[in-house]
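Open the model in your viewer and keep the selection tool at hand.

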Amino acid sequence: MPEIVYMDNAASTRLDERVLEAMRPYLFDSYAVATSEFGHSMGIEAKETLEKARSSLASTLGISPEELVLTSGDTESSNLAIKGVALSLGEKKGKHIVTSKIEDFPVLNSVKAMERYGYKATYLPVDSAGILDIGELERSITKETILVSIQHSNQEIGTVQDISAIGKLCHEKGALLHVDATHTYRRLDIDLAKLPVDLMTFSAHTIHGPKGIGGLFVRKGTPLGKWMDGGFQEFNLRAGLENIPGAVGFAKAAELVTNEENERLASIRDKLISRLLKEVSETTLNGHRTKRIPQNVNITFHYVEGESITLHLDMRGIEVSTGSACFSRSLEASHVIMGIGGNHERAHGSIRYSLGRFNRMEEVDVVVDAMKEVISRLREISPLRKEEKT
Amino acid sequence: MKFPYGDKVLEHFKNPKNVGKIEDPDGKAIVGSPACGDMVAVYLKVEEKEHRITDIKFESYGCASNIATGSIITELAKGKTIDEAKQISWKDASDALGGLPKIKAHCSVLAVEGLREAITNYEEKHGLVKEKKPTTVDEVKRRLKNVMNPLTGLDVVRGNLITEVKVEEGTVSIWVDLPENHIFAANIQEEIKERIETLWDVKKVELHFNPSTA
């Protein structure tokens with residue numbers, strides 16, 4: 001059995017043991033529901049723990065704790081942001097939402113859902129590196145536009161948007177801005193004291209935290225309707241039992257990510273990109289060369305298909321993902337790769353390597369060797385291959 | 001480790017049988033699936049007395065089930081007469097592989113189509129087609145629906161890559177909305193010609209590329 005090289009950290013990460021240790025007391029000793037200050041002592045303690053975790057998370061973003069709503073993860077956060085703003089402003093201001101073609105599904109499908117309720121949506125194009133056209137954004141915002149939702153970085157190709165410029169424009173034109181920061185939180189600097197952003201989505205599971213916990217930053221005064229009904233938890237914006245072990249784990253996970261780690265991941269990323277482009281012929285880097293998160297590599301290997309590549313890699317203990325239609329549950333090619341060029345062939349052979357804390361520089365050798373062998377084998381059986389290409 | 005396919009599929013995926021091209025094939029077909037972008041090529045050598053398949057090879061630009069089905073179909077067809085080989089179904093291929101996921105049916109049915117098209121190609125080249133209908137624009141378009149544009153994953157007819165088709169006195173003229181120096185132009189040209197040239201009453205196939213898209 002080969003040692004596993006896990007490079008699918010954008011999908012989910014391994015929990016850090018230190019996170020589990022931080023969570024443990026709140027699973028076994030202090031497991032009560034967070035109560036009001038007049039509740040029983042275990043409940044008061046739970047409430048204090050929750051608020052401590054919230055404060056710790058808030059301090060990483062330059063916000064006050066009351067501006068952070070804890071949720072079950074990025075999917076719920078983006079649903080709350082988009083549907084919540086629509087609930088609050090739809091009747092008062094207008095029914096138009098702007099987003100981009102390459103957003104992740106929580107945003108894309110929340111916007112699509114609102115279209116079924118009579119909202120209009122604009123899906124903005126991006127250029128061949130995945131960068132949003134600011135001019136197009138400016139033209140798309142009208143008096144009816146209540147919300148613009150643009151990701152900080154892309155889930156597949158890692159391209160980073162200029163959130164500061166986008167936010168400035170949205171505010172000049174009177175629209176709110178929601179940013180999906182699922183793949184940038186703690187990987188890039190995010191200072192919400194300065195950034196003109198109204199709502200921002202986070203998740204713990206992309207930074208070696210537990211699954212099932214995330215957050216939504218809601219800037220003070222931002223109109224937001226409640227759509228998860230029940231109790232009065234989370235500033236009466238999100239009903240449901242608070243996930244205290246999750247919140248503690250999320251705060252610990254956020255604390256454990258360091259600049260040194262991000263620099264180390266960026267150097268593994270750069271090594272992997274340069275070696276694969278140099279040592280395997282007929283490849284294309286997907287995404288931007290420099291405006292890229294430290295943990296993402298995405299390359300198309302022409303003349304071969306992605307699911308075949310991932311299966312061969314899986315047999316060698318290497319776990320990655322692909323934008324090929326054959327790999328997806330919907331049998332649709334990656335909307336991101338199509339969005340940056342409309343090219344089916346490019347999606348067909350695209351492979352994403354996403355890095356995390358437990359990846360090591362030595363794994364680059366293992367991956368590059370395996371890629372050379374697998375691509376050469378698959379090209380041997382491909383009718384599209386050119387002569388003598390490996 | 002837990003793989004998404006059974007052992008037999010994985011074995012044929014890892015070590016596919018009968019891979020490659022046959023020089024000077026007696027029958028040949030390249031088919032593509034617009035749905036997922038996979039392509040399969042099938043090459044045949046056929047002994048002419050009994051029309052028995054003596055050699056068969058395939059190539060795949062596709063996913064694991066596409067590769068595995070290509071491999072098993074060549075094993076099933078080898079040694080059979082063309083009439084027997086035509087009867088091989090997707091179910092036969094799937095059964096021989098110990099079962100394929102239903103969602104992958106269209107990637108794997110492609111290899112079966114490839115085999116049948118290659119046999120048709122052989123029959124046409126050897127005057128074995130019994131019914132001789134005159135070639136129409138519709139028949140040309142029907143055949144071109146198997147030529148895939150790898151850029152869009154759509155076939156060239158539905159993807160509007162073919163802008164016009166004319167059939168006049170044995171000459172088929174086809175207008176293609178691509179510049180002649182496009183990376184897939186040569187591939188597409190070859191595929192189109194192979195599919196149309198074998199029709200019994202076609203003497204010449206002329207392709208017209210679009211210089212204004214260069």
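Select A:His208. Is this residue buried or exposed? A:His208 is buried, because 25 other C-beta atoms lie within 10 Å; a residue counts as buried if 20 or more other C-beta atoms lie within 10 Å of its own, exposed if 12 or fewer, and partly exposed in between, with C-beta atoms placed from the backbone. Look for A:His208 in the loop between strand 7 (199-203) and strand 8 (214-218) of chain A. Helices (H or I, at least four residues) and strands (E, at least two) are DSSP runs, numbered from the N terminus. The phi of A:His208 is positive, about 65°, although A:His208 is not a glycine.

A word on the model: it is predicted, local features need pLDDT of at least 70, side-chain atom pairs count only at pLDDT 80 or more, and totals for chains, interfaces and linings use all residues. Residues are numbered from 1 along each chain as its sequence is written, and chains are lettered from A and ligands numbered from 1 in the order in which they are written.

Next, select A:Glu282, in the loop between helix 9 (259-279) and strand 9 (283-285) of chain A. Phi is positive here too, near 55°, and A:Glu282 is not a glycine. A:Glu282 counts as partly exposed because it has 16 C-beta neighbours inside 10 Å.

Move to A:His152, in the loop between strand 5 (145-151) and helix 6 (163-172) of chain A. A:His152 has 24 C-beta neighbours inside 10 Å, so it counts as buried. Beyond its neighbours within four places in sequence, A:His152 is in contact (C-beta atoms, placed from the backbone, within 7 Å) with residues including A:Val160, A:Val179 and A:Thr184.

Now colour by chain. How many residues does each chain bring to the contact? Chain B gives 24 residues and chain A gives 18 residues. On the side of chain B that touches chain A, strand 2 (39-47), strand 3 (52-61) and helix 2 (64-77) of chain B each supply at least two residues. Strand 3 of chain B has the largest share, 3 residues.

Across the boundary, 11 residues of domain 1 of chain B are in contact with 13 residues of domain 2 of chain B. Strand 1 (27-32) and helix 5 (105-125) of chain B each give two or more residues to the domain 1 side.

Conventions: Contact = placed C-beta atoms within 7 Å.
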